[in-house]
Amino acid sequence: MKILLVGINTKYIHPAISLYQLKANTSYESEICEFTIKDSNESIVNKLENKLNEDKFDLICYSCYLWNIDKVLTISKIIKQKFPIDVVLGGPEVSYDAMHFLVSFPHINYIIRGEGEIAFNELLMYKDSLITLDEVSNLSYILNGEYRENKTKIIDLSQIKLATLMVKDLDNQVVYLESSRGCPYHCSYCTASLENNLRFFPLNDVLSILKTLMERRAKIVKFLDRTFNANKEYMISILSFIEKHNVCTTFQFEVVVDRLSSDVIDFINGLNHKYLRFEVGIQTIHNEVNKNVSRYQNMDKLKDNINKLNQTNNIDLHVDLIAGLPGETKEMFKESSNTTFMLRCKELQLGFLKFLRGTKLLDRIDEFEYSYNDKAPYEIIKSSTMSKSDLDEIKKVEIGLNYYYNSNRFIRTFDYLFKYNLLIDPYTMFKDLSDNIDNKQLYSLFIHLDEYFKLKHPNHYDNLHYELICDYLLNHLVKPKKWWNNLSKEERNNIYPLIVEKIPSITLHVLYEYSIVINNKNKCFIIIYKDFNPSYYEITLN
């Protein structure tokens, strides 16, 4: 018996790790075919047809998520019409509403709900006549016109293999690794809240995989744990191991920051390597909104812990907000956005509420007068407290925020804005910047921000203009197109000898041939573009 496992990923760099998990935990022969959502349906169908014509497969299985469900349903139906092969779906998008998919799309034979490793192997054993159909756990299907749902089995994680190292191109893809499954929290908008049985993989298995990944110098390893700091000792063991063995790999974790104890903060701040990224779901700063979605968040502790983590710069902090949560108005979201932005994390992502299948929030649609798109990703359209125009405005803020802050292209400029308390209302600033973006090329973005500063901060304009040019120059490997008034020949002849005097390693020839120099009130920034390896200096001229 042979099985074809099909993944349609968001990008090439994001492998379908769930399919590798299935393959690693069965003795039956299976083959993985991966595509991306940018691949046309025709292209995917042609490749699957070629595969099915070349070899005999007994099952074809698709991994289903928000981003690929429409594509999967279309492609799987076309393939089923051409090949009499059983179709199996699995993944979070079909797990919590299996009846809907089986009834609405009769070409689907089986749906595996939730964790699939054991259930998948049991399904293959059934197809091999070794067990009966009702013995296959986590399985949904139609039998004699009636919907059937077999018992759910919670997996003992010590009994399954982690498949991380089976992924073919670890050097060029994000590497996914689990150290736990389940979530201790009950957020009503999140499918993780539907599985509160928190379990951990054997620590030695996780550390063994980590050691191999670090030896192979994998670029990015993303832990799939819903709450990495749910077990303090387990977390510290993993971070200590990374600290001891890591060379260049970046590790990403989802962390509930307000639940970090002071000794854990001290431990993290004592790390020497800066290869850690914490993803923090703040979602809202308002207690009454959190209460509406069964969340509890200690904002004072959260702010204090983020400030402490930022002190050593050992962690890149990426924080999230969700627009459209029940009871939150646009003004409340604006407050959440401004307060969170002022925490000075590396990235602030503005997300929009999605009504995921199976979540408890779906039971309160009428209470909060929600309208949402009935197509994946089921995003909010409006609510009793957030109009469509409110959400459209927030999307403009998101655009400005992504281009000007999250892009990390304007680091010096924002450092100056923070230092001199010029960010009174970041929400409005990013909205204004987004309103007038005509050209999103880097050159135009800098000019646009420069003009904004000239209008909004005239007293600081000279300094902001200087910092902005420095940021622009640092974003290039070769001399870029200039959008500011360059030094005159007379100014260069006066300033360049002073630079050589201050920095003897630089010659006049190098300055005239390879450099760009910016001067502001005797503060001088020099960048030398040579061999695609820019070097820069900053000095004060007398």
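Analyst: Helices (H or I, at least four residues) and strands (E, at least two) are DSSP runs, numbered from the N terminus. The model is predicted, with local features needing pLDDT of at least 70 and side-chain atom pairs pLDDT 80 or more, while totals for chains, interfaces and linings use all residues. Residues are numbered from 1 along each chain as its sequence is written, and side-chain values use heavy atoms, without hydrogens and water.

Two packed helices are described by the angle between their axes and the distance between the axes. Here the axes of α12 and α13 (residues 388-406) come within 11 Å and cross at roughly 15°. Axes are lines fitted to C-alpha atoms, for helices over the stretch in contact, and the angles run from 0 to 180 degrees between N-to-C directions. The angle therefore makes α12 roughly parallel to α13; the cut-offs are under 35 degrees for roughly parallel, over 145 for roughly antiparallel, 65 to 115 for roughly perpendicular, and oblique for the rest.

On the α12 side, Lys330, Phe333 and Phe341 meet Asp390, Glu393, Ile394, Leu401 and Tyr405 of α13, where contact means heavy atoms within 4.5 Å. The residues of this contact divide into five nonpolar, no polar and three charged. In this scheme Ala, Val, Leu, Ile, Met, Phe, Trp, Tyr, Cys and Pro are nonpolar, Asp, Glu, Lys and Arg are charged, and the others, Gly among them, are polar.

Phe341 also takes part in an aromatic pair. A search of the whole structure finds 29 such pairs. The rings of Phe, Tyr and Trp (its six-membered ring) pair if their centres lie within 6.5 Å; planes under 30 degrees apart are stacked, over 60 edge-to-face, and the rest tilted. Phe341 and Phe414 are edge-to-face, at 6.3 Å centre to centre and 65° between the planes. Phe341 lies in α12 (residues 330-341) and Phe414 in helix α14 (residues 411-419), so the pair ties together parts that are 73 residues apart in sequence. Both Phe341 and Phe414 are buried, which is to say under 20% relative accessible area, with exposed over 50% and partly exposed in between (1.4 Å probe, protein chains only).

Another pair gives a contrast in ring geometry. The centres of Phe355 and Tyr372 are 4.5 Å apart and their planes at 20°, so this pair is stacked. Phe355 sits in the loop between β15 (347-352) and β16 (371-372), and Tyr372 in strand β16, 17 residues apart. Phe355 counts as buried because its relative accessibility is 2%, while Tyr372, at 30%, counts as partly exposed. Tyr404, Phe410, Phe446, Tyr472, Trp483 and Trp484 form one aromatic cluster.

The contact includes Leu203, Val206 and Lys211 of α7 and Tyr234, Phe241 and His245 of α8, and its residues divide into nine nonpolar, two polar and one charged.

As for the setting, the protein chain has 19 helices and 20 strands. Of its 542 residues, 52% count as buried.
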